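Biologist: I'm new to this structure. Can you take me through it?

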Amino acid sequence: MDVWIGRNHERHGPYKEVDVRQWLRDGRLNPDDLAWHEGLADWQALSALFPDEVCAASMPEANTSDMGEGGTPSPFRENLERCQDYAGFWKRALAFIIDWLILLFPKAIVLMKLGGFSAFEHLVTQVQDHVAIQVALVEYGVAVRPSVLMGLLIVFAYYVLFECSRFQATPGKLALGLRVSDLSGKRLGLWRAAARNLVRLSSACVGILPFMVFLPSICYIAVAFTARKQGLHDLLAQTLVLNGRANKARGASPHAADDGYLHA
């Protein structure tokens with residue numbers, strides 16, 4: 001990957017990612033320097049693009065292996081842990097509520113279009129007519145199955161597409177200043193985002209009449225008890241939810257300045 005560096009309103013590069021990482025470790029680049037590469041909409045600080053290298057630069061003779069001698073965490077791993085700003089349980093819960101409120105509208109439309117409301121009214125009528133509750137619930141389940149499946153698909157696509165986008169967050173997370181990343185702080189790929197949310201939805205969705213409310217389960221409860229504040233879905237997909245927006249460091253367009261050379 002080629003990376004452009006921005007200094008003094010000038011664009012320098014492109015440079016190879018491996019060189020940029022080495023310059024960060026050597027101190028030849030400042031973590032606050034702006035950078036851009038193909039796929040980014042805006043310039044971002046190097047500290048946001050390469051948080052692992054920024055943390056490594058703060059440790060002399062950092063060991064980049066996960067474990068040191070005797071199975072103990074290496075200084076690099078311990079320092080990386082301190083550098084990560086993990087989002088807490090209540091902040092994530094509030095983001096979940098915001099997303100849930102946003103998703104109420106498309107799910108309500110799906111229910112209406114696919115007969116979910118009519119099925120619920122029919123269920124109420126059957127109960128009032130003293131039809132056996134088991135029979136009424138079975139009929140209701142069959143009637144709302146298409147709308148439930150479509151609602152699940154909408155929720156799945158909503159989370160996956162937003163979390164692997166350049167924002168790295170759903171609107172709820174954006175409102176709270178959060179982002180989803182892999183263990184190195186990088187943007188999720190489509191498949192990792194899909195795996196994360198497949199685990200989350202398969203274990204956390206509870207159908208509540210009539211709006212298919214998705215309640216937090218053990219996936220979210222685990223956030224309060226794990227060292228890096230990861231839910232079950234984060235642990236399995238190897239992801240993190242961090243404080244700070246992915247695009248908080250913005251600069252000029254990458255095409256705004258002439259080419260130049262970096263003198264670090």
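Modeller: A salt bridge here is a side-chain nitrogen of Lys or Arg within 4 Å of a carboxyl oxygen of Asp or Glu. This is a predicted model, where local features need pLDDT of at least 70, side-chain atom pairs count only at pLDDT 80 or more, and totals for chains, interfaces and linings use all residues. Residues are numbered from 1 along each chain as its sequence is written, and side-chain values use heavy atoms, with hydrogens and water left out.

Biologist: How many salt bridges does a search of the whole structure find?

Modeller: The search gives 6 salt bridges.

Biologist: What does the side chain of R21 meet in a salt bridge?

Modeller: The partner is E17, at 2.9 Å from N to O. R21 and E17 are about one helical turn apart, because they sit 4 residues apart in helix α1 (residues 17-26). Helices (H or I, at least four residues) and strands (E, at least two) are DSSP runs, numbered from the N terminus.

Biologist: Is R21 buried or exposed?

Modeller: R21 counts as buried, at 10% relative accessibility. Buried means under 20% relative accessible area, exposed over 50%, and partly exposed in between, with a 1.4 Å probe and protein chains only.

Biologist: And which side chain meets E163?

Modeller: R196 does, in a salt bridge of 3.0 Å, N to O. That pair links distant parts of the chain, with E163 in helix α7 (residues 133-163) and R196 in helix α9 (residues 190-204), 33 residues apart. R196 also forms a salt bridge with D234, at 2.8 Å from N to O. D234 lies in helix α11 (residues 232-237) and R196 in helix α9, so this pair ties together parts that are 38 residues apart in sequence.

Biologist: Are D234 and R196 buried or exposed?

Modeller: D234 is buried, with a relative accessible area of 0%, and R196 is buried at 2%. Salt bridges that share partners join R92, E163, K173, R196 and D234 into one network.

Biologist: New topic, helix α5. Where does α5 bend?

Modeller: The bend is at L104, by about 30°, and the proline P106 follows within four residues. The bend at a residue is the angle between axes fitted to the seven residues ending there and the seven starting there.

Biologist: What span should α5 have?

Modeller: The 25 residues of α5 should span 36 Å at 1.5 Å a residue, and the end C-alpha atoms are 36 Å apart, which agrees. The expected span of a helix is 1.5 Å times one less than its number of residues.

Biologist: Which residues of α5 are buried?

Modeller: They are R92, A95, F96, D99, L103, K107, V110 and L111. L94, also found in α5 (residues 89-113), is partly exposed, with a relative accessible area of 42%.

Biologist: What about A169, where is that?

Modeller: A169 is in the loop between α7 and α8 (171-175), and counts as buried at 0% relative accessibility. A169 and A95 are 74 residues apart in sequence and 10.0 Å apart in space, C-alpha to C-alpha.
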